[in-house]
Amino acid sequence: VIGNQFSVEVFPNPSEGKFTVYGLWFPVESMEVKNLLGKLVFSTSNIKPLSSNKIDLSSAPSGIYFLNVKTENGVAVKKIIKE
C-alpha cells in the first residue's frame, strides 16, 4: 500500500469468477484487475463507497489476478484467484 494504510477484502476468494469487494470506506477512483502478465482484464470507476462492489471475471481464464484499488492516497493491491 502506498500512502495511507487501508484494507480491502475480497470474498469469496478463490471464486469461479464472481467476487465482491468490501472495505471501501473512502473515496475510490478506480478498481482494476490485471493478470500475472499485467494485462488489464477488468476495470471500473463506478464504485460505491460504504457498500459492496462486484467484479465479474467469469469469462477470464482460471488463474491468479491482482485487484488494484486506487484512491487519492495510494493503491491497495489484493491477490484474487479464479478457479
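The model is predicted, so to speak from the start: local features need pLDDT of at least 70, side-chain atom pairs count only at pLDDT 80 or more, and totals for chains, interfaces and linings use all residues. Residues are numbered from 1 along each chain as its sequence is written, and side-chain values use heavy atoms, with hydrogens and water left out.

- Let's start with β3 (30-35); strands here are DSSP runs of E with at least two residues, numbered from the N terminus.
- β3 is mostly covered, with five of its six residues buried; buried means under 20% relative accessible area, exposed means over 50%, and partly exposed is in between (1.4 Å probe, protein chains only).
- On one pairing, β3 runs antiparallel to β6 (residues 63-71), and six bridges join them; two strands pair if DSSP finds at least two bridges between them.
- Ser-30 has Lys-70 as its bridge partner in β6.
- β3 also runs antiparallel to β4, this time with four bridges.
- Val-33 has Phe-42 as its bridge partner in β4.

**Salt bridges**

- The structure holds four salt bridges, each being a side-chain nitrogen of Lys or Arg within 4 Å of a carboxyl oxygen of Asp or Glu.
- As background, side chains of opposite charge can pair when their charged atoms come close.
- One of them joins the side chains of Lys-78 and Glu-9, at 3.7 Å from N to O.
- Lys-78 sits in strand β7 (residues 74-82) and Glu-9 in strand β1 (residues 9-11), so this pair ties together parts that are 69 residues apart in sequence.
- Lys-78 is partly exposed, with a relative accessible area of 25%, and Glu-9 is partly exposed too, at 40%.
- Another salt bridge links Lys-18 and Asp-56, whose closest N and O atoms are 3.1 Å apart.
- Lys-18 belongs to strand β2 (residues 18-22) and Asp-56 to strand β5, so the pair ties together parts that are 38 residues apart in sequence.
- Lys-18 counts as exposed at 54% relative accessibility, while Asp-56 counts as partly exposed at 40%.
- Glu-32 and Lys-34 form a salt bridge as well, with their closest N and O atoms 3.9 Å apart.
- Glu-32 is buried, with a relative accessible area of 13%, whereas Lys-34 is partly exposed at 29%.
- Glu-32 and Lys-34 also belong to a network of salt bridges with Lys-70.

**Thr-20 and its surroundings**

- Thr-20 lies in strand β2 and is buried, with a relative accessible area of 9%.
- Leaving out residues up to four places away in sequence, Thr-20 touches Glu-9, Val-10, Phe-11, Ser-52, Asn-53 and Lys-54; contact means heavy atoms within 4.5 Å.
- The side chains of Thr-20 and Lys-54 are joined by a polar contact of 3.2 Å.
- A polar contact is a pair of N or O atoms within 3.5 Å; within protein, one must be able to donate a hydrogen and the other to accept it, and residues adjacent in sequence count only if both atoms are side-chain atoms.

**Out on the surface**

- Leu-50 is found in the loop between β4 (40-44) and β5 (53-56).
- Leu-50 counts as exposed, at 61% relative accessibility.
- Beyond its neighbours within four places in sequence, Leu-50 is in contact with Leu-24 and Trp-25.
- Leu-50 and Glu-72 are 22 residues apart in sequence, and their C-alpha atoms are 17 Å apart in space.
- Leu-36 lies in the loop between β3 and β4 and is exposed, with a relative accessible area of 59%.

- Most residues other than glycine have a negative phi, and most peptide bonds are trans.
- Gly-38 takes a positive phi near 90° in the hairpin of β3 and β4, which has four residues between the strands.
- Phe-11 and Pro-12 are joined by a cis peptide bond, with omega about -15°.
- Asn-13 and Pro-14 are joined by a cis peptide bond too, with omega about 15°.
- Pro-12 is in the loop between β1 and β2, and Pro-14 lies in that loop as well.
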